[in-house]
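Dear colleague,

Please find below the structure that I am handing over to you, with its sequence. The findings follow directly after it.

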Amino acid sequence: MNYEKAKRVIRESEYLVCLLGRNVSTDTGCLLYREENAYVIEAKYGYSQEEMFSTAFYLNRPRQFFEFYREEILKKRGEPNACHHTLARMQKDGRLKTIITREIFNLAKRGGCTNVLALHGNIYDNFCPHCQTWYGMDYMLNSDPFPVCQKCGKIVKPQVCLNGEMLDNLKVTEAAHEVSKADVLMVLGCTLRSSLASTCLKYFSGKTIILINEEEDYSDTKADYVCHGRAKDVLPQIYP
Ligand SMILES: [Zn+2]
């Protein structure tokens, strides 16, 4: 595969923004986004992960919510891969401005990236919904059956967007602003029809879209440069 065009586009870009999709996360060991895992989860807990990872479950069945959250999300949060490390290098070099993602595992930041807009929040930040006291990963992992605020006794809430919750409007506005400034948009690990891409693409008025995703899709034709491969394999070759 010849990456010369993508290399040149990146080298000549003035404001490069990256949309980091869910397929990049499945290549890290975290299981939440894997479809084949959905059946295992449902058999184990008796509910689908969509049902359990919801505001309704958090509010009404906190024991079950946090058992699922600890075992399937916190303990299987994966490790950053070569894609995240390459993005971190690109940011360090001043080549990449902003990463926008719906991923909640903080993989980009854990891989060394700095400017990351996590539209759905992240599992490392947890707050008491009453007094706003912050709690970290260790506290969440070690609270059985569920994490309670040490100051006021309320159940701590992970700062992630659960099913049934609205996206944080401020973050969406910020993402829209970043995309509107971009001359090149690099979409990794999702199709151009994915929720992440469709949320952001309508604000893009730049000249080039680079798409790196393992699955082919009819929407690929909207991209100027398409590479069907895993971002963790392809991106380090485009930006060696
Ligand atoms: Zn509290």
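Two strands are treated as paired if DSSP finds at least two bridges between them. With that convention, phenylalanine 127 stands opposite tryptophan 134 in β5. Please keep in mind throughout that this is a predicted model.

Strand β4 covers residues 121-127 and pairs with β5 in the antiparallel sense over two bridges. Between β4 and β6, which likewise run antiparallel, there are three bridges.

Cysteine 152

Where in the chain is cysteine 152 placed? Cysteine 152 belongs to the loop between α9 (137-141) and β6. A residue is taken as exposed if 12 or fewer other C-beta atoms lie within 10 Å of its own; cysteine 152 has 11 such neighbours and therefore counts as exposed. Leaving aside neighbours within four places in sequence, cysteine 152 is in contact with Cys128, His130 and Cys131. For histidine 130, which is 22 residues away along the chain, the C-alpha separation from cysteine 152 is 7.6 Å.

The six-stranded sheet

The model also contains an open sheet of six strands, ordered β3-β2-β1-β7-β8-β9, with parallel pairing. Here the edge strands are β3 (116-118) and β9 (225-227), and each pairs on one side only. From one strand to the next, the twist averages 15°. Strand β8 (residues 208-212) pairs with β9 in the parallel sense over three bridges, and leucine 211 stands opposite valine 226 in β9. Helix α10 (residues 169-181) packs on this sheet, where it touches β1 (16-20), β2 (98-101), β3 and β7 (184-188). The direction of helix α10 makes about 140° with that of β3.

Domains and their contact

The domain assignment divides the chain into domain 1 (1-29 + 79-120 + 166-240) and domain 2 (31-76 + 122-160). The C-alpha centres of domain 1 and domain 2 are 28 Å apart. Nine residues from domain 1 and seven residues from domain 2 take part in the contact. On the side of domain 1 that touches domain 2, the largest share, three residues, is supplied by helix α2 (residues 22-26). By class, that side of domain 1 has three nonpolar, five polar and one charged residues.

Arginine 11

Is arginine 11 buried or exposed? Arginine 11 counts as exposed because it has 10 C-beta neighbours inside 10 Å. Arginine 11 lies in helix α1 (residues 4-12). The C-alpha atoms of arginine 11 and lysine 222 are separated by 21 Å, and the two residues are 211 apart along the chain.

The chain as a whole

The secondary structure comes to twelve helices and nine strands. The chain has a radius of gyration of 19 Å, close to the 18 Å that the globule rule gives for 240 residues, so the chain is as compact as a globular protein of that length. Along its principal axes, the C-alpha trace spans about 55 × 35 × 30 Å. Buried residues account for 42% of the 240 residues. Of the contacts between residues at least 6 apart in sequence, 64% join residues at least 24 apart.

Yours sincerely

Key: Residues are numbered from 1 along each chain as its sequence is written. This is a predicted model: local features need pLDDT of at least 70, side-chain atom pairs count only at pLDDT 80 or more; totals for chains, interfaces and linings use all residues. Helices (H or I, at least four residues) and strands (E, at least two) are DSSP runs, numbered from the N terminus. A residue is buried if 20 or more other C-beta atoms lie within 10 Å of its own, exposed if 12 or fewer, and partly exposed in between; C-beta atoms are placed from the backbone. Domain bounds come from an automatic or database domain assignment. Two residues are in contact if their C-beta atoms, placed from the backbone, lie within 7 Å. Ala, Val, Leu, Ile, Met, Phe, Trp, Tyr, Cys and Pro count as nonpolar, Asp, Glu, Lys and Arg as charged, and the others, Gly among them, as polar. Axes are lines fitted to C-alpha atoms, for helices over the stretch in contact, and angles run from 0 to 180 degrees between N-to-C directions. The radius of gyration is taken over C-alpha atoms; the globule rule is 2.2 Å times the number of residues to the power 0.38.
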